[in-house]
Amino acid sequence: MKTRRRIVLFIMFTVTASLTYVCVSHAAKSAGALWSGFDSQDGTNSGLSSGYVVVDAVDTRNGSTNGIGPFRANEPSFSDSDLVLYEDEDEPGRAVSDDGLNVVWKEVQVAAGDTLSKIAEKHGVTIKEIMQANELTDEHKLREGQVLYIPNSSEYVLETLAYVRKLKNEEISRKKQAKAVKITNYVVKDGDTLWSIANAFDLDINSLFGCNKLSDSNVLKVGAAIRVPNQDGIMVAVKSGQTLDKLAKEYGVFMEAVLSANEMSPSDTLVAGREIFLPGAKVSAFVESNGARVAVARSSVSASQGFGWPVIGKISSPFGWRKDPVRGGRDFHTGLDIRAPRGRPIAASQGGKVVHSGWMGGYGKTIVLSHPSGITTLYAHCSSLLVKVGTNVKRGQRIALVGSTGRSTGNHVHFEVRKNGTPMNPLKYIK
């Protein structure tokens, strides 16, 4: 039995939902088209306004024409360079996902030592094609754990690109949403630490630091109240003349999410001193100064006091602002990721007291040490923990083993240095 040759053309459009329905409905009546993206076939779905249609343009066997579309308004739109024409003949390179999506790419996670050249050679495509499909700008900037989408062949580059853009759009849409913030006043009990409280409420530790003013993050007074939000984010006090737009940009979050979390409207005026919750934001070691982002002054603890490397390995992700190369979005990385093989011993960077030893949300198995002058060091994603809470350790003492627990993309140590809860660049402390 011969397979049916099909030519499919992605066509960009921007029309009203009713007009689009009429045009495609005629094809449906004459050729029995399949429908995608409609709640019903009466054209009343108001969520349809723009996007693209997929038209089965030619069937040389019987001359019929089928149409599928339109898609919903939040699906990706194509520029002229994105118009795709392909033939489908039950090709080996084309699979269908559970949701009916044609999958013509492989999802590849960058491993230690990978280069774009090695990945391209392994999968039979060019570096340029991988860069185009993933919208990369520098072939030398790969990060361990980074996800790339590799087209099955050169003819599927644009389809892969469309999927990557769809993922980015979905991530942006997710980050623009937030539920209304609710704050719980948690009463500190004997044995509590900020890290154990964060784990109990499934929060990033940055959220507790960012919602509470703490003179010493290592000492919690029994009976004191700690503000615990119902989602990750931080509270900030509005400065005179500050706008929501400026606040959102400063902390790398979307204004839409800020409005939703605080149940505000765009027309609301900010009053100096009012606290605003910024969903998804983190306490960063940077502040605004005359419109420029500059580093906060170094702590009084200097490198000469002997903070050492927790493990020998290559830095796979530095401290500071970074952008996910695939899904987009801006995030502040509060420590160093140091790549090392599973099971390699992790040493205390400086002598101190163990204030947390256990699981801590996305950090996985984690050790936290307290040091003089309000300094803490954190060692995350461990495979095994070797010291207990309350133990006094010396600089260089083994405290854990390298692993990949929690939200991790491979074996490494996530190492943080904080001054009264504010993350500092560990490289300014390590001797």
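Helices (H or I, at least four residues) and strands (E, at least two) are DSSP runs, numbered from the N terminus. The model is predicted, so local features need pLDDT of at least 70, side-chain atom pairs count only at pLDDT 80 or more, and totals for chains, interfaces and linings use all residues. Residues are numbered from 1 along each chain as its sequence is written, and side-chain values use heavy atoms, with hydrogens and water left out.

His-414 lies in strand E26, residues 412-419. Asp-337 is 77 residues from His-414 in sequence, yet their C-alpha atoms are 4.5 Å apart. Beyond four places in sequence, the contacts of His-414 (heavy atoms within 4.5 Å) include Asp-337, Tyr-363, Leu-378 and His-381.

The side chain of His-414 also makes polar contacts. These are pairs of N or O atoms within 3.5 Å; within protein, one must be able to donate a hydrogen and the other to accept it, and residues adjacent in sequence count only if both atoms are side-chain atoms. One, of 2.7 Å, reaches the side chain of Glu-416. Another, of 3.4 Å, reaches that of His-333.

A nonpolar core is a set of buried Ala, Val, Leu, Ile, Met, Phe, Trp, Tyr and Cys residues joined through side-chain atoms within 4.5 Å. The largest holds 35 residues; Leu-194, Trp-195, Ile-276 and Leu-278 touch the most other members. Elements giving two or more residues include helix H5 (194-200), strand E12 (275-279) and strand E22 (375-382). H5 gives the most, four residues. A separate core has 26 residues, among them Phe-307 and Val-417.

Key. Buried < 20%, exposed > 50% of the residue type's maximum accessible area, 1.4 Å probe, protein only.
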